[in-house]
Amino acid sequence: MAHLFCELFVRLRSVGLTDGSSCSMPLTQFDLGDALGLTNIHVNRTLRKMRARGLIVLRSRTRTIPNFKAIQRIALFGPDYLHLSGEDAIARTRPSTGIAGAR
């Protein structure tokens, strides 16, 4: 799930659809479970753990990733396979926020 969140964030950021470290999250827990082959109970528990660790904040269908490097490390996520072109696209995969440690 962490990998999916990283990928969605990077894809949205590369086309300018993020706001700092936040982006739209219209997917429900059922949608996440369906996409990842997980039960609703497992999705709920995983989201709860991710929130408790400060990896994500979900509010009003908006997902915030306060520390992208932390969730990226946990997910073993690297954006190279997305084939973003140019330095500008790569730079946009590194969200900058005013939050300490978010870079």
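This report walks through a predicted model of a protein chain, from its overall build to a few single residues.

## Ground rules

The model is predicted, so local features need pLDDT of at least 70 and side-chain atom pairs count only at pLDDT 80 or more, while totals for chains, interfaces and linings use all residues. Residues are numbered from 1 along each chain as its sequence is written, and side-chain values use heavy atoms, with hydrogens and water left out.

## The overall build

Welcome to the fold. The protein chain holds five helices and four strands, where helices (H or I, at least four residues) and strands (E, at least two) are DSSP runs numbered from the N terminus. Starting at that end, the order of the elements is α-β-β-α-α-β-β-α-α.

The chain has 103 residues, and 37% of them count as buried. Buried stands for under 20% relative accessible area, exposed for over 50%, and partly exposed for in between (1.4 Å probe, protein chains only). Its accessible surface comes to about 6400 Å², with 53% belonging to carbon and sulfur atoms; such areas come from the Shrake-Rupley method with a 1.4 Å probe, and for residues only the protein chains shown count as cover. Among contacts (heavy atoms within 4.5 Å) with a separation of 6 or more, 62% join residues 24 or more positions apart.

## Helix α1

Helix α1 covers residues 2–14. The expected span of a helix is 1.5 Å times one less than its number of residues, so the 13 residues of α1 should span 18 Å, and the 18 Å between its end C-alpha atoms agrees. Its buried residues are A2, F5, C6, E7, F9, V10, R13 and S14. They pack against β1 (18–19), β2 (22–24), α2, α3, β4 (62–64) and α4. After the helix comes G16, with a positive phi near 75°.

R13 sits in α1 and counts as buried because its relative accessibility is 14%. R13 and C23 are 10 residues apart in sequence, with 8.4 Å from C-alpha to C-alpha.

## Helix α3

Which residues of α3 are buried? They are V43, T46, L47 and M50. Seen down the axis of α3, these buried residues fall within an arc of 100° (taken from the directions from the helix axis to the C-beta atoms), so they line one face of the helix. An α-helix has 3.6 residues a turn, so residues three or four places apart point the same way.

On the other side of α3, I41, R48, K49 and A52 are exposed. The buried residues pack against α1, α2 (29–36), β3 (57–59) and α4 (68–75). Following α3 is G54, whose phi is positive, near 75°.

## A pocket and a loop

The second largest pocket has a volume of about 160 Å³. A pocket here is an open set of points on a 1 Å grid over the protein atoms alone, where a 1.4 Å probe fits, with protein on both sides within 12 Å along at least five of seven lines; lining residues have an atom within 4 Å of a point. Grid points are joined across faces, edges and corners, and a volume is the space filled by probe spheres set on the points. Its lining includes M25, L32, L47, R51 and L58, and the elements giving two or more residues to that lining are α2, α3 and β3.

Finally, G78 lies in the loop between α4 and α5 (86–91). G78 is partly exposed, with a relative accessible area of 32%. The C-alpha atoms of G78 and H3 are separated by 9.1 Å, although the two are 75 residues apart along the chain.
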